[in-house]
Amino acid sequence: MLGLESGNDRMLARMNKHVTVQQIEAAIKILNRHHIMSFAFFIVGFPGENQNSISDSIAFINRIRPTFFKVNPWTCEWDTKVWEQREQYGLTYKNGYWKHDT
């Protein structure tokens, strides 16, 4: 199980993942080469996300071909840096969904 989160380097940096798309792709290639199943998790909607970064993630999933993957909408957790900076991102919560300036 791999919390990859995004197929876009800018978004990975914003999420403090300390990994690049190139590094993830190399790791998945090793798993695939050795027939090791992978379950990759992605998040859509993190502050700063836009149509280009979403398109990058879709292309990334198609390129790396994990055995399974799941995409979840981003949600804000109260004990995170994003929560601490919620005013900076314009975070609002309504009807079970988070919205932000981007």
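Residues are numbered from 1 along each chain as its sequence is written, and side-chain values use heavy atoms, with hydrogens and water left out. Because the model is predicted, local features need pLDDT of at least 70 and side-chain atom pairs count only at pLDDT 80 or more, while totals for chains, interfaces and linings use all residues.

Strands come up first. Helices (H or I, at least four residues) and strands (E, at least two) are DSSP runs, numbered from the N terminus. E1 pairs with strand E2 (residues 39-44) in the parallel sense, over 3 bridges; two strands count as paired if DSSP finds at least two bridges between them. Across that pairing, Glu5 stands opposite Phe42 in E2. E2 also runs parallel to strand E3 (residues 68-73), and 6 bridges join the two. Here Phe41 has Lys70 in E3 as its bridge partner.

Buried means under 20% relative accessible area, exposed over 50%, and partly exposed in between (1.4 Å probe, protein chains only). Leaving aside neighbours within four places in sequence, Glu5 is in contact with Met15, Lys17, Phe41, Phe42 and Ile43, contact meaning heavy atoms within 4.5 Å.

A search of the whole structure turns up 2 salt bridges, each defined as a side-chain nitrogen of Lys or Arg within 4 Å of a carboxyl oxygen of Asp or Glu. Side chains of opposite charge can pair when their charged atoms come close. One of the salt bridges is formed by Glu5 with Lys17, with the closest N and O atoms 3.5 Å apart. This pair links distant parts of the chain, with Glu5 in strand E1 and Lys17 in the loop between H1 and H2, 12 residues apart. Lys17 is partly exposed, at a relative accessible area of 28%. In the other salt bridge, the side chains of Glu25 and Arg63 meet at 3.1 Å, N to O. That pair, too, links distant parts of the chain: Glu25 belongs to helix H2 and Arg63 to helix H3, 38 residues apart. Glu25 is buried, with a relative accessible area of 16%, whereas Arg63 is partly exposed at 44%.

Val21, Ile24, Glu25 and Ile28 of H2 are buried. These residues cover an arc of only 100 degrees around the axis, so they lie on the same side of H2; the arc is that of the directions from the helix axis to the C-beta atoms. Gln22, Lys29 and Arg33 are exposed on the other side of H2. The cover over the buried residues of H2 includes strand E1 (2-5), helix H1 (9-14) and helix H3 (51-64). After H2 comes His35, with a positive phi near 55 degrees.

Ser53, Ser57, Phe60, Ile61 and Ile64 are the buried residues listed for H3. Seen down the axis of H3, the buried residues fall within an arc of 100 degrees, so they line one face of the helix. On the other side of H3, Gln51, Asn52 and Asn62 are exposed. What covers the buried residues of H3 includes E1, H1, H2, E2 and E3. At the N-terminal end, Asn50 caps H3, with a side-chain oxygen 3.0 Å from the backbone nitrogen of Asn52. H3 is followed by Arg65, whose phi is positive, near 50 degrees.

Gly45 is partly exposed, with a relative accessible area of 23%. Setting aside neighbours within four places in sequence, Gly45 is in contact with Trp74 and His100. Gly45 and Trp98 are 53 residues apart in sequence and 8.7 Å apart in space, C-alpha to C-alpha.

Note on methods. A polar contact is a pair of N or O atoms within 3.5 Å; within protein, one must be able to donate a hydrogen and the other to accept it, and residues adjacent in sequence count only if both atoms are side-chain atoms.
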